[in-house]
Amino acid sequence: AETLGASAAESGRYFGAAVVPNLLNDASYSAALSGDFNSVVAENVMKWDATEPNPGQFNYSGGDQIVNWAQARGMEVRGHTLVWHAQQPGWVQGLTGNNLRNAMLNHITNVADHFEGDISSWDVVNEAFEWDGSRRQSNLQQQLGNGWIEEAFRAADAADPGATLCYNDYSTDGINAKSTGIYNMVRDFKARGVPIDCVGFQSHLSWNSDLSTYQANLQRFADLGVDVEITELDVGGSGSGQANVYRQVTQACMAVARCTGITTWGITDRHTWRPNDTPLLWDSNYQKKEAYYAVLEAL
Ligand code: XIL
C-alpha cells in the first residue's frame with residue numbers, strides 16, 4: 001500500500017504518531033498525519049498533570065480534541081498514560097500512604113471512564129522499573145509498595161474492560177536486566193489473573209543501537225500471552241544508519257504475530273522532544289526521509 005497506515009493495516013496492524021492538539025491546525029502537520037497514519041496518541045495531554053491539575057478537577061479538553069479529530073478520520077487512539085512518576089501534578093507529589101493510593105485509583109477510574117470506548121490500548125503504568133530490573137523508587141513505589149502496579153491495572157480494567165491494558169517502558173530494546181524484570185512481573189500477573197494485556201516498548205533509539213535481541217525480546221513477551229506494541233519509536237541520527245534501525249524495528253514487529261502496531265513519537269523533525277536530533281520520519285520541511293521509505297517497505 002501507499003501509506004504507513006494502509007500498509008500496516010494489510011496485516012491487521014496500526015501505524016501511529018504522538019501528537020499535540022495545537023498542531024492539528026497546521027496544514028502540513030495534519031496532512032502528514034491524516035495522510036499516512038491510522039492511529040494517534042497524545043504526546044502530553046492525557047497525562048496526570050494535564051487531566052487532573054487540581055484534586056478531583058478533571059480537564060479533558062486536549063484529549064477530547066485529539067479523540068474527536070482522530071475519530072472523524074477513522075483513526076484509532078492509544079491512551080498515554082494513566083500513572084507515571086513524571087508529569088504528576090504538584091498536589092500529588094506530596095501525598096503519602098492511602099491518600100496517594102486513593103488519588104491514584106480515583107485518577108485511573110475517572111480518566112479511563114471518560115475515554116471508555118475511545119481508546120484501543122492504554123499505557124496504564126509507565127516507566128516503573130530501573131535498568132537493573134528492580135522497581136524504580138518513585139513516590140508510588142515508596143508509599144504504596146510493590147502492589148501498586150497490580151492495583152493500577154485492576155482499577156483500569158474495572159473502568160474500561162474493553163481496552164487493551166499495557167505496561168510501558170524504555171531501554172527494553174533487547175533481552176537485558178530491565179526487560180527481564182518486567183518479563184517476570186508480566187509472567188506473575190498472567191499466572192495470578194491480574195488484568196494485563198500488553199507490553200509497550202518505547203524504543204527511543206539511535207542509529208547505532210544494538211538490536212541483536214530486539215525481536216527475540218518481543219517474542220518472549222508475546223509467548224507469555226500478551227500483545228506487544230512499539231509505543232514511542234524515534235531514532236537519533238540521519239540517512240541510511242537511521243533508516244536501517246527503523247527498518248529493523250519494523251521487521252521485528254512484522255515477524256512477531258502479537259506485535260499489533262508501531263507508534264512514532266512525533267511526525268516531523270520540526271516538532272520533537274529530542275531538539276538536538278532529527279529522529280523522525282519527516283524532516284523539518286515535511287519531506288519524507290530515507291527512514292520513511294525503509295519503514296514503508298518493511299510493513
Ligand atoms: C515527553 C514529551 O514528548 C515531552 O513533550 C514532555 O515534555 C516530556 O514527555 N517517555 C514517555 C513520554 O513515556 O511520555 C515522554 O514524552 C518521552 C519519554
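Contacts between residues 24 or more positions apart make up 77% of the protein's contacts with a separation of 6 or more.

Q: Before we go on, what kind of model is this?
A: It's a predicted model.

Q: How many helices and strands does the protein have?
A: There are 12 helices and 9 strands. The radius of gyration is 18 Å, close to the 19 Å that the globule rule gives for 299 residues, so the protein is as compact as a globular protein of that length. Along its principal axes, the C-alpha trace spans about 50 × 40 × 35 Å, and 44% of the 299 residues count as buried.

Q: Which residues does the "domain: GH10" annotation cover?
A: That label comes from an unreviewed UniProt entry and covers residues 17–298. Over that stretch the chain is 41% helix and 18% strand, with the end C-alpha atoms 17 Å apart.

Q: How do I read the buried side of a helix, say helix 10?
A: Start with the general idea: an α-helix has 3.6 residues a turn, so residues three or four places apart point the same way. Now the case here. In helix 10 (residues 214–222), the buried residues are Tyr214, Asn217, Leu218 and Phe221. They sit on the same side of helix 10, because they cover an arc of only 100 degrees around the axis.

Q: What do those buried residues of helix 10 pack against?
A: Their partners are helix 9 (177–192), strand 6 (198–201), strand 8, helix 11 and strand 9 (259–264).

Q: And which residues are buried in helix 12?
A: Helix 12 (residues 290–298) buries Ala291, Tyr292, Ala294, Val295 and Leu296. These pack against helix 1 (4–9), strand 8 (227–236) and helix 11 (239–255).

Q: Is isoleucine 267 buried or exposed?
A: For a single residue, you count the C-beta atoms around its own, and 20 or more within 10 Å makes it buried. Isoleucine 267 has 24 such neighbours inside 10 Å, so it counts as buried. You'll find isoleucine 267 in the loop between strand 9 and helix 12. Leaving aside neighbours within four places in sequence, isoleucine 267 is in contact with Ala17, Tyr29, Ala32, Leu33, Leu280 and Trp282.

Q: How far apart are the C-alpha atoms of isoleucine 267 and asparagine 176?
A: They're separated by 29 Å, with the two residues 91 apart along the chain.

Q: Last one: which residues are around the ligand?
A: Look for Glu43, Asn44, Asn126, Gln202, Glu232 and Trp273. Sorted by class, that shell has 1 nonpolar, 3 polar and 2 charged residues.

How values were computed
Residues are numbered from 1 along each chain as its sequence is written. This is a predicted model: local features need pLDDT of at least 70, side-chain atom pairs count only at pLDDT 80 or more; totals for chains, interfaces and linings use all residues. Helices (H or I, at least four residues) and strands (E, at least two) are DSSP runs, numbered from the N terminus. The radius of gyration is taken over C-alpha atoms; the globule rule is 2.2 Å times the number of residues to the power 0.38. A residue is buried if 20 or more other C-beta atoms lie within 10 Å of its own, exposed if 12 or fewer, and partly exposed in between; C-beta atoms are placed from the backbone. Two residues are in contact if their C-beta atoms, placed from the backbone, lie within 7 Å. UniProt positions are given in the numbering used here, feature names are shortened, and annotations may be inferred rather than shown by experiment. The arc is that of the directions from the helix axis to the C-beta atoms. A residue is near a molecule or strand if its C-beta atom, placed from the backbone, lies within 6 Å of it. Ala, Val, Leu, Ile, Met, Phe, Trp, Tyr, Cys and Pro count as nonpolar, Asp, Glu, Lys and Arg as charged, and the others, Gly among them, as polar.
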